[in-house]
Amino acid sequence: MADSVVYNIPARMVEEYLGRRVIVRSHKASELVARVPEESMKDLACVQLLSLDGEVDDLIHWGDLVPVDIVMRDPAEFPKLYRYADLLENHPVRVSIPMVPGCYKAVKLAVSLNFAVKLVIAQQPDQALIDELAQLLDLYLHRPNVAQPVEYFHSTFLFFFHGEGASLWSVQEKDPSVIRYISDEGKETISPRLEGIAFGADCDSVVADYQRALLAEKGECESCEFWDICGGYFKWPDKQYHCDGVKSLFRTLKEAAGELQCELKSFEELQGEMQP
Ligand code: SF4
């Protein structure tokens, strides 16, 4: 088992995972504060707050600089985000927002409050959702008030800019070779999104096995220009899903990264010309 694996555990299991890298989750801020001891802070990747309904004051002055991930179940809850703004006094804060219809308003408010955002890819997007995501992408790329990353757009942009980087499986925290999910019953498993995927004793190879099978089918993925960043992520669970819309979003990000590369090159050339 690789030491680099992060375990997403319920707060009541903190003691059992001491010494291992963990994400600790709870519906209550008060439980996170009560359960996570000082000695395990160094192993904390972050704490996850699974409900936007509880008190949050306990968390504000606890655990200096421990990242907090606020997990929204429904983007319509977005007005509740105002209550969490004070967390930024002491923590980097990310809001995980399901990538479903209505996510635009939630993301817009989250970034205006200066929260980082992770779009949780919860379904294979239909055209209406692709249109909403295109609006979001425009917000991420062009609005000056977006100072925090919006994932998966941000990592994808960097991937295209640098020509390398983490795949969507890692960015979405769904690669079992990187992150394992410990159920509320204490069972070690892979991400709930991959429910139904076939895997043997070795969790580490789940994604690689799935990708090998996808490529062997010689379908849309085989010739896809975005394979290196996507790795077939959008073909789960329905392999017949058509990726035209998804690819258009990747293409917009690729073009934006290319434009920035050109601008930087021109700037460097100009600087060179101005040197005595
Ligand atoms: S965008 Fe679609 S076709 Fe391309 S790699 Fe991803 S899942 Fe495969």
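User: Which element gives the most to the lining of the second largest pocket?

Analyst: This is a predicted model. Two elements give two or more residues to the lining of the second largest pocket, namely α4 (127-142) and α9 (244-274). Among the lining residues are Y140, L141 and H142, as well as T252, E255 and A256. The element that gives the most, with six residues, is α9.

User: How many charged residues does the lining of the second largest pocket have?

Analyst: The class of a residue follows from its type, and Asp, Glu, Lys and Arg count as charged. The lining includes E255, E259 and E263. By class, there are five nonpolar and two polar residues, and the number of charged residues is three.

User: What is the volume of the largest pocket?

Analyst: The second largest pocket holds about 240 Å³ of space. For the largest pocket, the volume is about 550 Å³.

User: Which residues that line the largest pocket are the closest to its centre?

Analyst: The largest pocket is lined by 24 residues. By class, these are 12 nonpolar, four polar and eight charged residues. The closest to the centre are R73, V120, K174, Y181 and P192.

User: Which element gives the most to the lining of the largest pocket?

Analyst: The elements that give two or more residues to this lining are β2 (22-26), β4 (68-71), β5 (93-98), β6 (116-120) and β8 (179-182). With three residues, the element that gives the most is β8.

Definitions and conventions. Residues numbered from 1 in each chain as written. Predicted model: local features only at pLDDT ≥ 70, side-chain atom pairs only at ≥ 80, totals over all residues. Heavy atoms only, no water. 1 Å grid on protein atoms, 1.4 Å probe; cavity = no way out; pocket = protein on both sides within 12 Å on 5 of 7 lines; lining within 4 Å. Points joined across faces, edges and corners; volume = space filled by probe spheres on them. Helix = DSSP H or I, 4+ residues; strand = E, 2+ residues; numbered from the N terminus.
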